[in-house]
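Hello,

Here is the structure I promised to pass on to you. Please open it beside this email, and then read on for what turned up in it.

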Amino acid sequence: MALLNGLAADEESSAVLHEPLLLRRSRSNTTSQIAIVGSNPCPIESLDYEFSAAFVVFATSNLGLTLSASLITAFIAPEAAGSGIPEVKAYLNGVDAPAIFSFRTLLVKIVGSILAVSSSLNIGKAGPMVHTGACIAAIMGQGGSKKFRLTWKWLQVFKNDRDRRDLVTCGSAAGIAAAFRAPVGGVLFALEEMASWWRSALLWRAFFTTAVVAIVLRALVDVCLRGECGLFGKGGLIMYDVTSENISYHLSDVPPVLLLAVIGGILGSVYNHLLNKLLQIYNLINRKGTAYKIILACVISISTSCLLFGLPWIASCRPCPSDTSEPCPTIGRSGNYKKFQCPPGYYNDLASLFFNTNDDAIKNLFSKDTDTEFHRTSMLLFFATCFLLSTFSYGIVVPAGLFVPVIVTGAAYGRLVGMCVGSTNLNHGLFAVLGSASLLGGSMRMTVSLCVIILELTDNLLLLPLIMIVLLISKTVADVFNGNIYDLIMTLKGFPYLEAHAEPYMRQLTVGDVVTGPLQIFHGIEKVGNIVHVLKTTGHNGFPVVDEPPLSSSPVLFGLIVRAHLITLLKKKSFLTTPTLLGSDAFSQFSADDFAKKGLDHGDQIGDIELSEEELDMFVDLHPFTNTSPYTVVETMSLSKALILFREVGLRHLLVIPKVSGRVPVVGILTRHDFMPNHILNLHPRLLRSRWRRLRFPLPRLS
């Protein structure tokens, strides 16, 4: 798993955003002239560059890569679209969405993310890497893929819900470790953001996984350092060196940092709000059909190409620094001083950021001793463009992450703040690091894991106190307005995610206040036709089984049976002609594998089973296949206590029994949907005005 994560990380980081290669000089002799660009006079040569042809090649190649990624995603594995972190986080909370960890999804996620990252879209690789690691882990926990004939018997030992959940948690940690070369940050990310249940054994397992990832990455980096990788990934475990020999800061440097953190928190909440609204619009478009999904992706690709190619013409040409360690200007696929339309000895600072990989752009912004390399106008344009493109690019039908675009946007914001503040003990590169931390904290709402990831990226412990303060302040400010970006995406996708805490108004309610009907109940010996009718007309997954006379003296709750087991009974056609008990012969036609979870796909459906009229009039004894010890609560129990029980035990169904005997033995059944705030507030609108609701200021609506 770590090896595949490492290879995918290196392949994605190697996707180079090529500068147009057709910018070549005409054979005719030309003269030089002076042109005024912006407010600065800069000499440019009146050369007959084929900029139109260069733009066509640039836009066409980007469109082709985007189209390829969207086609394989839309037609082969729609579950691979987007980041994947919300799906993995929901799974670890108990929401098992179909096909999110299938082998088909894994292949499309890897190939699609490489194509999408290479297509100049302002998207990242961290989210797809997390999903990739989780897919590999889930397939291992399932024993392999029977559909593709990739199974291993020795993996059958992990074929249970707890081990599969632990493996997925370790896989998500490995994804972050591979994407950012941050092994400790990966463990803390899985602990802080992904896992809903954590235990000490899982800690060392996740740590071991990320340690293996670090070793594999180190080996691959060594191969690349020997020049055996060509254009593929370079650098060590420390990706961005921002260390300065004489770095120091004083109390007078703290106020600008605090202001940066507050504004970063506001920007992060605005970013989440804007992305949430755009995703709602994208959902309306995507529901119209696959063709609309692909057209939307192509429109975003063409718009991105136009912005990336057109905006550098606004920027001014800057003279090459005399102390640079690389050629300036550089023309081609690598280099941090892009010439674009500038004459020899000059470079275009905005083109140097646009026509580069996200990793190299971050390196340019984080680098020390680069205070004079970027103009304030160029940095403002770069920040605004990244902010908008990162929101518009996420949500199209390609694998796309949010981590790296937020880091790039935050780095531009931080460097812009450093330019506005002026002379301080902190250089612009350090302001860029703090800006990334503030926007990450305002959008992702993580603290410890982000702090460690940034430290592992930059290898600068002297910034630790400032990074901690920035993350805490930006998160606190952003929490006033809305939730973190992954929670908002989960809500849009309809995942009923259970928070670790109960909302204050839940203390005023009992479980009986949220139970809704009608309740579908099966008898201990049930008619086949009734079972088929209930399964076809309802979407419930759990059904109480009740015994009535003559099987018992009074109605009594026998247990709970789930939909998957009922479908198995119907599929095997273990029917009775008369309503009698099966006894010890119940399992003669069944094995344990018949009732095991059916892989990572949709499983058997009731519509796939064909039954004759004669079979529909027969009976099934449900007693041997019923869970006789389901969790139950009295109808007067506090809803907040029931939520804690439901979440901590990891339940799917919670039966509600009456307080007074003599009534029906079960009055309802609670699922995670019954604990959702929207469901509760729809049932009890008066709670909307309750003073016990959490204080939160809504952002203004978009017209």
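First, a term you will need: a residue counts as buried under 20% relative accessible area, exposed over 50%, and partly exposed in between, with a 1.4 Å probe and protein chains only. Please keep in mind that this is a predicted model, in which local features need pLDDT of at least 70, side-chain atom pairs count only at pLDDT 80 or more, and totals for chains, interfaces and linings use all residues. Residues are numbered from 1 along each chain as its sequence is written, and side-chain values use heavy atoms, with hydrogens and water left out.

Let's begin with the charged pairs. Side chains of opposite charge can pair when their charged atoms come close. The structure has 10 salt bridges (a side-chain nitrogen of Lys or Arg within 4 Å of a carboxyl oxygen of Asp or Glu). One of them joins Asp 479 to Arg 445, at 3.1 Å from N to O. This pair links distant parts of the chain, since Asp 479 sits in helix α17 (residues 464-479) and Arg 445 in the loop between α15 (428-444) and α16 (448-458), 34 residues apart. Helices here are DSSP runs (H or I, at least four residues), numbered from the N terminus. Arg 445 is buried, at 6% relative accessibility, while Asp 479 is partly exposed, at 24%.

Asp 479 also forms a salt bridge with Lys 475, where the closest N and O atoms are 2.7 Å apart. Both residues belong to helix α17 and are 4 residues apart, about one turn of the helix.

Another salt bridge connects Glu 87 and Lys 493 (3.2 Å, N to O). Glu 87 is in helix α3 (residues 85-93) and Lys 493 in helix α18 (residues 485-493), so this pair ties together parts that are 406 residues apart in sequence. Glu 87 is buried, with a relative accessible area of 6%, and Lys 493 is partly exposed, at 43%.

Now for the nonpolar side. The largest nonpolar core has 115 residues, and Phe 382 is among the members that touch the most others. Such a core is a set of buried Ala, Val, Leu, Ile, Met, Phe, Trp, Tyr and Cys residues joined through side-chain atoms within 4.5 Å. Helix α14 (residues 403-421) gives the most to this core, with 11 residues.

Enjoy exploring!

Definitions and conventions. Helix = DSSP H or I, 4+ residues; strand = E, 2+ residues; numbered from the N terminus.
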